[in-house]
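Let's take a walk through this structure together. Have a look at the sequence and the model first, and then read on.

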Amino acid sequence: MKLTEVQVIAPNLKKRLSGVTATIVRLLPLQAQSINIVATGPPGLPSHIPHVPIRSVFLMPGNRQRIWHARRNTEMLLGLILRDILRKHLKLVFTSASQRHHTRYTRFLISRMDAVVATSRKSASYLRCPAQVITHGIDLQKFHPPVDRKNLRQNLDLPDDAMLIGCYGRIRHQKGTDVFVDAMIELCLRHNNIVALIMGRDTSQHQKFLDEQRRKVSDSGLSDRILFLPEVPTQDMPDWYQALDIFVAPQRWEGFGLTPLEAMACGVPVVATTVGVFDELIEDKETGFLVPPGDPERMAEAVDSMILSPDRLQYFSTRSRCRAESRFRIEDEAGALNSLYLRLLDDYDSRQS
């Protein structure tokens, strides 16, 4: 796509995989079906994502109004430089997923935006400006219940006759990995057919924390049943959700958190903590359970109640998929964002005419 045709630019100024990057990867192909949108930033996004080099943004002609959709402070700052210093014709949009009070610097950046999006009602409540709530959605074509779970598990080299309980995401204290480990140790000692899967990225900063979790598992004699797995490519994640019986989101803090939604779309019931937007995603006692953060005993109790009742587990599974289908379609998220862009562009065109 020629830059002269571009209507929306979505910067991604981070090389490492993150939740924001994953959001861009999920949304842009859908958005591009009805609006001329591209990403920009360092190399690293998948080849199917429409993309322009960051240097070309500084050289783009001023022949039309465009949207700059930032999701990080650095991206808001660059948008301000492009608009207010280099005089590019840009409308600045910022999406906030944070559920904490912003710093003075972030509030300043947000105050200079033309429109603000919040990913949940909770996120909107921390903003000091009007915001449109547009909830994240999930690709229900990629994330869906398994056709043959037993065969899938065999292909993934997982036990096909065990009760598989998963915890996916970054491994660190904030994400509650230690709480999950403690809960799984208790349950594995109680039930012989449980296997727990811990998968996610760890960094050198959190290596000591990860080593401590491995040590606890080893000391419990459960290294063959509580497994630490390497991170897999994003496109392979649906298989790892579909292999599960139960998913656990043990976070102590979370901005949004897509992993419970990805699990639910695959028909996997979720036990999650009452942080982030989990209480907006999960219907307590209908699609899973909500438990206090940092409480392995309550977490183990919630998981155990599903293990002991196959009928309840099946009911939660069916309800989880139905909730994802009815409330969290990625097409709805993409459509709402595109509508916002077009309103901003129409407002500009109206004032120029």
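What follows goes from the sheet to the helices and then to the cysteines.

A quick word on ground rules: this is a predicted model, in which local features need pLDDT of at least 70 and side-chain atom pairs count only at pLDDT 80 or more, while totals for chains, interfaces and linings use all residues. Residues are numbered from 1 along each chain as its sequence is written, and side-chain values use heavy atoms, with hydrogens and water left out.

Start with the sheet. It is open, with seven strands in the order S3-S2-S1-S4-S5-S6-S7 and parallel pairing. Strands here are DSSP runs of E with at least two residues, helices are runs of H or I with at least four, and both are numbered from the N terminus; two strands pair if DSSP finds at least two bridges between them. At the edges stand S3 (51-52) and S7 (132-133), each with a single partner strand, so one side of each has no neighbour in the sheet. For a look at one pair, take S4 (residues 66-70) and S5 (residues 90-96), which are joined in the parallel sense over five bridges. Isoleucine 67, for example, has lysine 91 in S5 as its bridge partner.

Now for the helices on the sheet. H1 (residues 19-31) packs there, touching S1 (8-11) and S2 (37-40), where contact means heavy atoms within 4.5 Å. The direction of H1 makes about 150° with that of S2; axes are lines fitted to C-alpha atoms, for helices over the stretch in contact, and angles run from 0 to 180 degrees between N-to-C directions. H3 (residues 73-85) lies across S1, S4 and S5, running at about 170° to S5.

How do helices H7 and H8 pack? H7 (residues 177-190) and H8 (residues 207-219) meet at an angle of about 5°, with their axes 10 Å apart. That makes H7 roughly parallel to H8, a label for angles under 35 degrees. Among the residues in contact are Val181 and Ile185 of H7 and Phe209 of H8.

Further along, asparagine 338 sits in helix H14 (residues 330-352). Asparagine 338 is buried, at 5% relative accessible area; buried means under 20%, with a 1.4 Å probe and protein chains only.

Finally, the cysteines. The structure has zero disulfides, a disulfide being a pair of cysteine sulfur atoms within 2.5 Å. The sulfur of cysteine 167 is 13 Å from the closest cysteine sulfur, in cysteine 188, which is too far for a bond.

Technical notes: Buried < 20%, exposed > 50% of the residue type's maximum accessible area, 1.4 Å probe, protein only. Parallel < 35°, antiparallel > 145°, perpendicular 65-115°, else oblique.
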